[in-house]
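Please open the model in your viewer and keep the sequence panel beside it, so that each stop can be selected in turn.

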Amino acid sequence: MEQRIDRKRLTALLDGIQGVKAVLIGDMCLDVYWFADMTQSVLSRETPHFPLPVVEEKMSAGAGGNAAVNMSVLCDSFLPVGIVGRDWRGACLLEVLKKQGISTEYLVEVDDRVTNAYCKPMRRGFSAEVMEDPRLDFESFTPLSKEAEDALLEKLNEATKGADLLCVSDQFASGCITPKIRERINELAKGGLLTVVDSRSKIGLYRNCILKPNEIECARALGMADDALSRERADEAAIKAAAVALSEKTDSSVCLTLGDRGSMVYRGGDFTPISAIKLSPPFDIVGAGDCFLSAFSLALAAGAETAEAGAIGSLASGVCVKKLHTTGSASREEILALYDSAN
Ligand SMILES: Nc1ncnc2c1ncn2[C@@H]1O[C@H](COP(=O)(O)OP(=O)(O)OP(=O)(O)O)[C@@H](O)[C@H]1O
Ligand SMILES: [Mg+2]
């Protein structure tokens, strides 16, 4: 397997990462799993439905919250900045973050928005197999109020004072990264703060950052078909051309992630192809992107070369894809264990 980093250097960088002062601004979300034991279900008298008797409830941080957990696992000085609604989901999300040892001081609580949440009813029957029902999503579809935006801006400014790294997780159409907040992020990036961005639909609006789109996000930002950069349609030359096009459009560097094909970094006029760790199935790729973003960005902030940061991102996301049925994060020990088993 191709490894661009030796063990001594990997250990030194993981030590360095621990001391990075990192901030993440983004759309925090609560993931809720309700496990129903359908063997206990009795036909309702009032409706022609079998209810879902919930016997177990699990909660974790999703979207930007998952990226936050991933960062906090690797570095000691980490602050998430974002918006939380004053509702039961907000209270649960704050609790989940606190339990992970994450500061909630820079999260702004507001009354006029719902806390983003994905609630997943999971059915179990006689076998151990679990089936997911349609999700119940909580999302605000109106823009952030001016008051909330101002409060968030203040938190962003405070949190980034003396920071080494700013990560951005811009996930929802009407999320917390408003045009004004994005303008401030671009300004901080221009001022020299290392800024790494993951954005579901607006990656093309950032400037002077390092952008981390996946193949679909990159294709969309360039006005191409969703599958234009897929394995079937794009060779290495096409992937490189897309990275350059996005970079030129945004005055930014680009780290284009490609699932099990690894990633392609275009930075300072140079290409750095990064291979994914070769793993055997089964996989659970949910959260792999957050894990890559966190480890890659922290490694750069700790002084890693592009190829070294890419190797650390691949290792961390490799740990994550082997954690089944959970978004998953990668600790220093898990990263080192995967490195050792892969060599
Ligand atoms: N099957 C796999 N085997 C090994 N590594 C993988 C696999 N899938 C993903 N990865 C690693 O995770 C990184 C990020 O994956 P991907 O490009 O799918 O991100 P993403 O689409 O942003 O993910 P997400 O769905 O979490 O947003 C890849 O560059 C690769 O290093
Ligand atoms: Mg992603």
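The tour below moves from the ligand to the helices, then to the core, and then to some loops and strands.

This is a predicted model, in which local features need pLDDT of at least 70 and side-chain atom pairs count only at pLDDT 80 or more, while totals for chains, interfaces and linings use all residues. Residues are numbered from 1 along each chain as its sequence is written, and chains are lettered from A and ligands numbered from 1 in the order in which they are written.

**Ligand 1**

Select ligand 1 and the 21 residues around it, of which Asn214, Thr257, Asp260, Gly289 and Ser317 come nearest; a residue is near a molecule if its C-beta atom, placed from the backbone, lies within 6 Å of it. The elements that give two or more residues to this shell are helix H8 (288-301) and helix H9 (306-321), where helices (H or I, at least four residues) and strands (E, at least two) are DSSP runs numbered from the N terminus. Coloured by class, the shell around ligand 1 has nine nonpolar, ten polar and two charged residues. In this scheme Ala, Val, Leu, Ile, Met, Phe, Trp, Tyr, Cys and Pro count as nonpolar, Asp, Glu, Lys and Arg as charged, and the others, Gly among them, as polar.

**Helices H9 and H10**

To see where the two helices meet, select Leu315, Ala316, Gly318 and Val319 in H9 together with Glu334, Ile335, Leu338 and Tyr339 in H10; two residues are in contact if their C-beta atoms, placed from the backbone, lie within 7 Å. By class, this contact has six nonpolar, one polar and one charged residues.

Which residues have the most contacts inside the largest nonpolar core? They are Ala22, Leu298 and Ala299, in a core of 97 residues, and H8 gives the most to this core, with ten residues. A nonpolar core is a set of buried Ala, Val, Leu, Ile, Met, Phe, Trp, Tyr and Cys residues joined through C-beta atoms within 7 Å. A residue is buried if 20 or more other C-beta atoms lie within 10 Å of its own, exposed if 12 or fewer, and partly exposed in between, with C-beta atoms placed from the backbone.

Centre the view on Ala22, which, not counting residues up to four places away in sequence, touches several residues, including Met71, Phe78, Leu165 and Leu298.

**Backbone details**

Most residues other than glycine have a negative phi, and most peptide bonds are trans. Go to Pro281 and Pro282, which are joined by a cis peptide bond with omega near 10°; Pro282 lies in the loop between strand S14 (270-274) and H8.

Next, select Asn208, whose phi is positive, near 60°, in the loop between strand S10 (194-199) and strand S11 (210-211). Asp251 also has a positive phi, of about 50°, and lies in the loop between helix H7 (236-250) and strand S12 (253-257); with 13 C-beta neighbours inside 10 Å, Asp251 counts as partly exposed.

**Last stops**

Move to Met38, in the loop between strand S2 (28-37) and strand S3 (54-63), and, leaving aside its neighbours within four places in sequence, find its contacts with Arg123, Arg124 and Gly125. Then select Leu222, in the loop between helix H6 (215-221) and H7, which, with neighbours within four places left aside, is in contact with Ala242, Ala245 and Leu246.
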